[in-house]
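Subject: Structure for you to look at

Hello,

Here is the structure I said I would pass on. Please open it next to this email, and then read my notes below.

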Amino acid sequence: MTITDVPDYRTDEFFGLADKWVRTDDGEITHYHELGEGTPILFLHGSGTGVTAAANWWMNLPAIAEHGRCIAIDSIGYGQTVVAPGTEYGIREWVKHAVRVLDALGLEKTWIVGNSIGGWVAMQLAIDFPDRLLGIVSMGTGGAQRTAALAGHAKPELSEAGIRHTLEQFVVDTALITDDLVSLRYRAALNDTASERLTEVVAARDRDRVALPLDFDVLSTLDIPVLLIHGTQDVVIPVSRTWDLLTTIPNADAHIFSQCGHWSQIERADEFNEVVGRYLARHGVGRR
């Protein structure tokens, strides 16, 4: 695959993020954004319709980049990452893709900041590839038993109205779900293969929720720092998910936001950035 295979695409200026690309496998080019220097911090987004790294992290990357090298990727099956024909999806495939990104960028170890399914991927990566991680920050960690909101996400409506409905379930303050944000998510969802991909990705996610739940016996042996973040009004992933992980992982801490839903990194962005920044600094993360 040559450089000419990189899509002619530019992330909307609304997000203020430059585009980068890296070949991560035969027929696979990963789209990502990068800010900052020093300790690597890999950002893994959630799984809502039209999600991209930019749409998940635009309010956090500039602030957290004061602490390290922030790399926010579009996971396979999402955004502008180019995948080879026949690519399979699922929790372990998303883990392997994250590892391929680390390998392609020459990174031996990284922190991960993961939202929802991104947090699930982070935990599974810690189980499967523990030597690749320095620590984890996970918000509303995915992989929990299906809630009514998750059941609704199993058959997403690919329309602006459908995307608005989904995003409004992520927050307490629905005024945050602006027309601009809905429009951008809708356009992201309408890329050339989105309708077919969306069905495959959602099916794989929901299959693995049952078939490959996190192994809590292995998580109970983790020796890396873990920060769990959750909103008390999260209707997508109940806050009990964080309590279960907190009482299992030996070095886990938790921060619970009041009056906050599933999207703590956006709904409480400034405080989120402060909490994560302090946690990273406490564990020796800083620019070199």
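Two strands count as paired if DSSP finds at least two bridges between them. With that in mind, Leu-35 stands opposite Cys-70 in E4. Please note that this is a predicted model.

Strand E2

Leu-35 lies at the end of strand E2, which covers residues 28-35. E2 is joined to strand E4 (residues 69-73) by four bridges, and the two run antiparallel. E2 also pairs with strand E1 (residues 20-25), again in the antiparallel sense, over five bridges.

E1 and E2 form a hairpin with two residues between the strands. In that hairpin, Gly-27 takes a positive phi near 75 degrees.

Is E2 largely enclosed or largely open? Six of its eight residues are buried, so E2 is largely enclosed by the rest of the structure.

Glu-108

The other place I looked at is Glu-108, in the loop between helix H3 (91-104) and strand E5 (110-115). Why does Glu-108 count as exposed? Its relative accessibility is 60%, and exposed means over 50%.

Which residues does Glu-108 touch, leaving aside those up to four places away in sequence? They are Asp-131 and Arg-132. As for His-67, it is 41 residues from Glu-108 in sequence, and the C-alpha atoms of the two are 18 Å apart in space.

Regards

Note on methods. Residues are numbered from 1 along each chain as its sequence is written. This is a predicted model: local features need pLDDT of at least 70, side-chain atom pairs count only at pLDDT 80 or more; totals for chains, interfaces and linings use all residues. Side-chain values use heavy atoms; hydrogens and water are left out. Buried means under 20% relative accessible area, exposed over 50%, partly exposed in between (1.4 Å probe, protein chains only). Contact means heavy atoms within 4.5 Å.
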